[in-house]
Amino acid sequence: MTSISLYSLTLVPPSAITSSIVGQFSGRRQQEIITASGSRIQLYRFDPSAGRLVLITSTEVFGIIRTIKPFRVAGSSKDCVIVGSDSGRIAILEYKTEQTRFVHVHLETFGKTGVRRVVPGQYLAVDPKGRATMIASVEKNKLVYILNRDTNANITISSPLEAHKPRSLLYAVTGLDVGYDNPIFAALEVDYSEADLDPSGQAYREIQKTLTYYQLDLGLNHVVRMWSDIVDRQSNLLMEVPGGADGPSGVLVCTEGYIVYRHMNKAVHRVPIPRRRTPYDDPSRKRIIVCGVMHKMKRDFFFLLQSDEGDLFKVTIDYNVRGVEALKIQYFDTVPVAISLNILKSGFLFAAAEGGSHNFYQFVQLGEESGETEFVSTEYVKGDMSDYPAAYFYPRQPENLSLVHTMDTMNPLIDAKVDNLTGEDAPQIYALAGQGPRSSFRTLRHGLDVTEVVASELPGEPTAVWTAKLAAEDTFDAYIVLSFTNGTLVLSIGETVEEVTDSGFLSSTPTLAVQQVGDDSLVQVYPKGIRHISANKEVNEWEAPLHTMVVAATTNSRQVAVALSTTEVVYFELDEDGQLNEYQDRKEMGASVTSMSVGDVPEGKVRNSFLAVGCDDRTVHIVSLDPENTLESLSVQALTASPTSLRILSMPDSTFVDNSQLLDANSTLYLHIGLYNGVYLRSVLDTITGQLSDTQTQFLGARPVKLFKVMAQDQPAILALSSRSWLAYTKDVNFMVTPLVYEGLEFGDGFSSEQCEVGIVGIEGSNLRIFMINDLSENTKSDTLPLAYTPRRMIRHPNRALFYVIESDNNTLAPDARQELLSTSRKQSDYEDLPAEEFGNPKFTEKWASCIEIVDPLSQEKPARIDLVDNEAAFSVTVCSFAASPRRRDEEEEEEDRKASGEDEESAYLVVGTAKDLSLVPRRCGGGFIHVYKIVDEGRGLEFVHKTEVDDPPVAMTEFQGRLLVGVGQCLRIFDLGMKRLLRKCEYKSRSLNNVVTINVAHNRIIIGDIQQSVTYLVYRHADNKLLPLTDDVVARHTTCVTMLDYETVTGGDKFGNLWVLRCKEQVSRDADEDNGAQLLNARTYLDGAPSRLDMLAHFYVQDIPTSIQKTQLVPGGREVILYTGLQGTIGVLAPFISHEDVDFFQQLETILRNEARPLTGRDHLIYRGSYVPVKSVIDGDLCEMYAMLPVDKKRSIAAELERTVREVERKVAGMRTRYAF
Amino acid sequence: MADKLRAQQQLEQLQTRYVGVGHADTTKHEWLSNVQRDSLAAYIGRPAMLEHFSVAFNEPQERIRVQFIDKMIQPCGPPKDKEEI
């Protein structure tokens, strides 16, 4: 058995938020938001000038974060975070502002690792005064920790106090605000011990939910059950009510249909949750509160509670010293259903949505004058809540909240395909994302998104462009200088862009370089010489020697160097009087110079001491400019092609420089080299010796590379232009080279004006373009096309750039059902639907809404939509060209008669599998159907042909040798196209199958994935028209997606978040195809399965549930990788290693990092990645990339252990990413 | 005999400490209920898994969470009468 080695990398981290909190985590006045998504913990800050949330830091913790809570011990000005995870430990994290990262203050073990029923970590509650925290599990266990401060203001944590209650389930827990009395935690519990013993079921029916107060006695140091009372059986959520001086204390218990105020020995107050007044109301559905937030103001407080339809309600409490007088509820606004809501003191609301983008709103008002009906608890005193008439409100557009910023997410990500439909260098990812009416079709590209400021047509095709200031102290550029083949044009930057004639520039000749030098003068380098223009337009000219030309030039604010056609380099420097002086000697290079670069003058110095000269004999020379050894060659570097562009630029960097006193400690001097063959190199330039070392390489495109220095979000970056435009910059501490999602430029420069402070100017053809880079932290750009319902699957048209998407939503009214309801309710027949994106589609139990949409990703439009009627929902889709159907034969004859050319591809059919009246729990179904549509109108239309009933919903289908292969429940069937219906040709049925969810075919081999029973390989025997299993799996994997790597090997993912690679034994595979006798037919089943078993080659836990998997190439010129997408929005790859050396290196690095970079929440990395099955043959690249984040001394010691330098290790780690992905 | 008693005591201690530790007379119903409760708790505890169910049912995660805890009360119906067995 051969083995494989894979390297796992996350490209796009999950974007679903599990929990979000707000607090002053960096100890400043400004409040920040911390979110937990997947295994990442992220800190956001609101930037008022940009009007958006900015990601400050994101940390991978290699564990499942289940809940987070902020707390602040008394007397501190900084909030800390408590994390409930799967590590069996309580982690208290602090954000260190200087290091922009989280560190753990405490990590206390209390139980086993993993997500278990009785190991705390599911719930967290914190005493509002920060004196204690309770961490609890779903069943039985509750632990209370006392938090305090020692004399040095460090947070201390006590040993845990137990408040366990066996055989009881916990629904919710919250800290109670009791001022400075002993801390109390309120819990919603159900005790099932009696129900477990009563066979009659009586006890189960009479089961009661209780609200229990657990008091932590700080004096006696133990927890007591203080008070317990029965609450409604359907209660689900607790909200703390301010206490002490701020309010009446107690809790709000949210339950189905209403909200109750409860407190020990206090009166009960109830208000209903109002329902929408719409004609589609399902009387059997009751509203619940899904999340809420309490906000305290100076003298007042209020709650915002969200119902399961997304409506926000404002709840206020009237109270006096005796207690609560009344509870009031009022409709506030509607926002998408959220996981958690956070209110910032500055008047903003953050809503972390369950599906789709997270929204950040500003409060316009607090609903005081909205005129909405207020429901008061004094009207709901006696009797059962269900006896009162229902409370209604009219939903409307938001009045109190205004949307400020949306954080785009791809959550949930349901299906994806990698394809190159646009013919770009790199392929795009086409994905289905989102839930319900907030779902969308995404086109994802690797690249930085830009905003275009100006695009204007010029009179000719310029060859180059520069921007220049007039004086050194100017903040903004004053001129745009354009060079044409026969002249130079100078434009002024201001309110309007106008031509400048008195600039002093020579306009009759092309220009080679423009630079503002000294205090207030300008330099123009042109083929015949140099013009030095002072502020009063006095011109000093240096002319090139007779019969020579300037071929290359480089400038900075004090130095100018030009290369002549005689291969000589002439060097000028500015003297104290602001005059350009030529150095007495010239440097003979020996080969014609193609490019030169002198870096910027370091602050506080008069010159840069290096000049890089590129020659067409494929070399780069580093020449000294120091007064002692001016124009002396320091080093030479040979290259693979002649350099077309050079730039010396220091960049922020994590690697230390040994002589860091000479340089800014966290930036390194680099020589950037662009080659004629489209390769971009970055070498470290030693600041003393001028030696080049540690070269990083990246292929950018087919055209020679040109490099320009620009600014991108306050950091110097390199704009590299080839067949695409790229930006080389530093993200966190990693060096990135990312394409711009923009036109391919030919020349560029930095640009700065009042309107656009940090921009880039470029030329493309005869267009001048000015643009800004939006966000360096997002290196993928996604285009969004909204869809109607939750997408399920998609399939591409066999040869056109079109996708067919099937969508279906459970518990939703389809348009036809809505019409029916409208026509029966007389009063509201003129009812106008609310926009579904904010308000959701009307819900109705056991109804389905489903449709098929055609999506054109290139023009971003949807040519057609077919709604399914009769409560049918689509679950599978494929395109099938039936090979030998009678219909097809007839058509072909007809077509031949018509001689219609170019129409031959239209024999493809779209096949959609649907289920009627499906109920998921308990699983019931009124039958499945297979709809057949003829693809017409160049793929942009569908014509219904017929539908065939089958006994179970068809969940997987694919074309197989000109026929249709369908997985119907436990069966696999082959259908052919008939005139009135599909005709069943062959069937395979097995007791060991539950529901076939994936099918892959190759030749005569069929590989099916079952919802519970992993994959089975089958072979189709033409001779006897039979499907025979040849091999299956030993582990019952709950397959979600499968793809073939080669004829013997598959890779796939399962419902628990694992990725695996399985391979069929070679002998078995060969025998199955060669088998012409009856060997397989008569083969004995082995242990009730196929005759043989698959071998597992690799296994890896990724946490997110894989929803699609594909073998593809992501980088032009790169190798193929396995790309997977996860439900919560993850996109990741598994890349194969090329050499054993690399495997050994990364294995070693991973082993060391497991100890040196211990995960923040205390989860053991190896156990985490092997949560279900031990990790096999996969190296965690995300862990390896943690190397760059380590402190310098730790990096050194690790590098020493690996017998390499720090740079080598970093380059190797970064190289793995650029070689395979982005 | 003393050894046997001690073993018995140790087992009882384990049973009170760790939910789900079986004994010689564990019935199928008890075992099944225990497995189901473990599974349901695992579904709730993993955010991705809860979302998976939530998307399938098209219901908010909070509703699914509460439904699953409700199910944990009696996942496999009422216990069989001891005498019946």
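This is a predicted model: local features need pLDDT of at least 70, side-chain atom pairs count only at pLDDT 80 or more; totals for chains, interfaces and linings use all residues.
Residues are numbered from 1 along each chain as its sequence is written, chains are lettered from A and ligands numbered from 1 in the order in which they are written, and side-chain values use heavy atoms, with hydrogens and water left out.

Reader: What average pLDDT does chain B have?
Author: pLDDT is the predictor's confidence in each residue, from 0 to 100. In chain B, 94% of the residues score at least 70. The average for chain B is 88.

Reader: How many residues of chain B are in contact with chain A?
Author: Contact means heavy atoms within 4.5 Å. Chain A contributes 65 residues, and the number from chain B is 39.

Reader: What area do chain A and chain B bury between them?
Author: Buried area is the accessible area (1.4 Å probe) that two parts lose on being put together, summed over both. Of this area, 56% lies on carbon and sulfur atoms. In chain A, Arg117(A), Tyr171(A) and Pro199(A) lose the most area to chain B, together 15% of what that side buries. The area between the two chains is about 4,400 Å².

Reader: How many salt bridges does the rule find across the interface of chain A and chain B?
Author: A salt bridge is a side-chain nitrogen of Lys or Arg within 4 Å of a carboxyl oxygen of Asp or Glu. Glu256(A) forms one with Arg63(B), the closest N and O atoms being 4.0 Å apart. Across the interface, the count is 6.

Reader: Which strand gives the most to the side of chain A that touches chain B?
Author: Strands (E, at least two residues) are DSSP runs, numbered from the N terminus. At least two residues of that side come from each of β6, β15 (168–176), β24 (289–296) and β68 (803–812) of chain A. With 4 residues, the strand that gives the most is β68(A).
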